[in-house]
Amino acid sequence: MNSKQMLLAIPSERHELAMQEAIKVALANPAYPFGAVIANGRTGQLMASGANAADANPMFHGEVVCMNNYVEQHGNGDWSDLVLYTTGEPCPMCMSALTWAGIGGVVYASSIASISRSGIRQIRLSAQSVIDAADFRKPELLGGVLEAQCDEIFMQRKNVPPQA
């Protein structure tokens, strides 16, 4: 099953349940509420999670932490049946890492534009632009799952100085 068929075949309720788990993870860092979970696209089983930890390392965005946790727990094999759910549209760094890994799909809530309006600095290059620039793997992308809820979390976040 290719990734386009996989994300379309997953019921919206399952997308929402996985995103609710990503939101729970994100709330561990109320200043930068980026949380992610990886689920098996066929079964819905949650395989790993991660919250933004960029205060420890600037590369530790929620998606990267989640990917690292997945590899630690399950090894680095075939990612094509996996779906990463994240509270925010992946930045170019994270979307590149997900594309290199060969993940089957990425589902996000808040867009880069919405996150930017919350005061969190963003590189305004869409996740789809990163996917389109790759000539080898093309994960499917689905945005807007629980978008209003995540937009509110980003807008109400604890205000702290911008990340370096």
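1. Contact here means heavy atoms within 4.5 Å. Keep that cut-off in mind for H15. Setting aside residues up to four places away in sequence, H15 touches L7, I10, Y85, V107, L142 and V145. The model is predicted.

2. Where does H15 lie? Helix α2, residues 12–26, holds H15. Buried means under 20% relative accessible area. H15 has 4% relative accessibility, so it counts as buried.

3. Start at the β2 end of the order. Strand β1 covers residues 35–40, and strand β2 covers residues 46–51. They pair in the antiparallel sense over five bridges. Look for I38: it stands opposite A48 in β2. The hairpin of β1 and β2 has five residues between the strands. In this hairpin, G44 takes a positive phi near 85°.

4. Now take β3, residues 82–88. Strand β3 pairs with β4 in the parallel sense, over five bridges. How does the chain get from β3 to β4? It crosses through helix α4, residues 92–101. This β-α-β crossover is right-handed. Y85 has V107 in β4 as its bridge partner. G88 stands opposite S110 in β4.

5. Is strand β4 enclosed or open? Six of the six residues of β4 (residues 105–110) are buried, so the strand is largely enclosed by the rest of the structure. Strand β4 also runs parallel to β5, residues 140–143, and four bridges join them. In β5, L141 is the bridge partner of V106.

6. Is T99 buried or exposed? T99 has a relative accessible area of 2%. Buried means under 20%, so T99 is buried. Which residues does T99 touch? Leaving out residues up to four places away in sequence, they are I131, A134, F136, R137 and P139.

7. Last, the aromatic rings. How many aromatic pairs does a search of the whole structure find? There are three. One of them joins Y70 and W79. A pair of aromatic rings is described by the distance of the centres and the angle of the planes. For Y70 and W79, the distance is 4.8 Å centre to centre, and the angle between the planes is 55°. This pair is tilted. Y70 and W79 are both buried.

8. One more ring deserves a look. The ring of Y32 has the charged end of R157 sitting over it. That charged end is 5.2 Å from the ring centre.

Definitions and conventions: Residues numbered from 1 in each chain as written. Predicted model: local features only at pLDDT ≥ 70, side-chain atom pairs only at ≥ 80, totals over all residues. Heavy atoms only, no water. Pairing = 2+ DSSP bridges. Helix = DSSP H or I, 4+ residues; strand = E, 2+ residues; numbered from the N terminus. Phe/Tyr/Trp six-rings, centres within 6.5 Å; stacked < 30°, edge-to-face > 60°. Buried < 20%, exposed > 50% of the residue type's maximum accessible area, 1.4 Å probe, protein only. Lys NZ or Arg CZ within 6 Å of the ring centre and 35° of its normal. Right-handed = clockwise from strand over helix to strand, strands pointing away.
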